[in-house]
Amino acid sequence: MNNIGVRETEVVVAGAGQAGLAAAFHLRRVGYEPDRDFVVLDHAPLPGGAWQFRWPTLTYGKVHGMHALPGMELTGADPDRPSAEVIGAYFETYERTFGLRVHRPVDVRSVRGGADGRLLLDTSEGTYATRALVNATGTWDRPFWPRFPGQDAFRGRQLHSSAYRGPQDFTGRRVIVVGGGTSAVQQLLEIAEVAAATAWVTRRPPVFRTGPFDEQQGRAAVARVEERVRAGLPPQSVVSVTGLPMTEAMRQARERGVLERLPLFDRLTETGAVWSDGRTVEADTVLYATGFRAAVDHLAPLRLREPGGGIRLDGTRAVRDPRVHLVGYGPSASTIGANRAGRSAVRHIRQFLRTDLSTAACMRTRPHPPQTALTTARP
């Protein structure tokens, strides 16, 4: 170590959700050793990524498109068991099976440039100096709260979907659900069973998708999200371009009028919402199922953002700093996309580290140091 209290490693993986674990798996697979050549830091208290925070009534059978982690299938799961428990247990087994040695809970506070071309990570566990960073911090820590005129005057309860713990909290209440994503619809359908009344409000008319979602459609959806990222714009969610899968529960809810969508209201009042055409809806609760933003504030010292507000990527690599790879960001935010991004990031990091070490060796006048396990690891 060059600095007292600074731990040196070749790669840091920040985040142990789907994308972070996929990257850690591929690092291990090509010969990198956990806690020697790479370290995995996770902000969450337990295995499971953001899944561990999902509401208890979201059972595994209701989850759309959970793709297995590389190297281990998720089999035999009880569809009636909460998804947080099923996927949490699966991630825990995965970490143990592959010996990934995840450090948790660890907060990554900031990332900045250091000496010898390394990145310095200031964390709650101390400072890490690394040659490459796989940033897999997801979005859960940054729920998006929209702002409306009159919001502060509303006398009822306002909460984000990240704080939703089940329909029992809405029994007998008049509820406005804001948002057009999968979580909005799932929570609306649960709440409608016990609420006195519900209203569904979205910025744009929802698009419901019927039938199978094939590979060609998937590639086209990801390409649309990737186009924004390549342009340096904040990424859209993949769901926003795939539409909502129409389930039997949704069909029944639509027949009952639960999924009759209203356009976004103009303002809130003390007792509800008002539209410009004079429509009013009285409400006791407003639930904002308005999604999340990428949790990347800790990367601010590296100045990776483009004028458009996003981080421009070439694949998973940040264009403004080739030492940084973002996985689970933009086009890789889906579970299958996260797996692919983890593999791709590791492939490019290996090449980058080899080139970086080779260049540094050529610049030295002293004899070359012995090769490390990182430079001799086989594909």
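Two rings of Phe, Tyr or Trp, taking the six-membered ring in Trp, are said to pair if their centres lie within 6.5 Å. With that in mind, and remembering that this is a predicted model, select F25, Y90, F91, Y94 and F98, which ring pairs link into a cluster. The structure as a whole holds 14 aromatic pairs.

Next, select W145 and Y288, whose ring centres are 5.6 Å apart and whose planes stand at 55 degrees, so this pair is tilted. Follow the chain from one partner to the other, and you will find that the pair links distant parts of it, because W145 is in the loop between β5 (126-135) and β6 (157-160) while Y288 is in strand β15 (residues 285-288), 143 residues apart. W145 is partly exposed, with a relative accessible area of 40%, whereas Y288 is buried, with a relative accessible area of 0%.

With a relative accessibility of 10%, F148 counts as buried.

Finally, turn to two places where a charge meets a ring. Then select R279 and W275, where the charged end of R279 sits over the ring of W275, 6.0 Å from its centre.

Conventions
Residues are numbered from 1 along each chain as its sequence is written. This is a predicted model: local features need pLDDT of at least 70, side-chain atom pairs count only at pLDDT 80 or more; totals for chains, interfaces and linings use all residues. Side-chain values use heavy atoms; hydrogens and water are left out. Rings of Phe, Tyr and Trp (its six-membered ring) pair if their centres lie within 6.5 Å; planes under 30 degrees apart count as stacked, over 60 as edge-to-face and the rest as tilted. Helices (H or I, at least four residues) and strands (E, at least two) are DSSP runs, numbered from the N terminus. Buried means under 20% relative accessible area, exposed over 50%, partly exposed in between (1.4 Å probe, protein chains only). A charge sits over a ring if NZ of Lys or CZ of Arg is within 6 Å of the ring centre and within 35 degrees of the ring normal.
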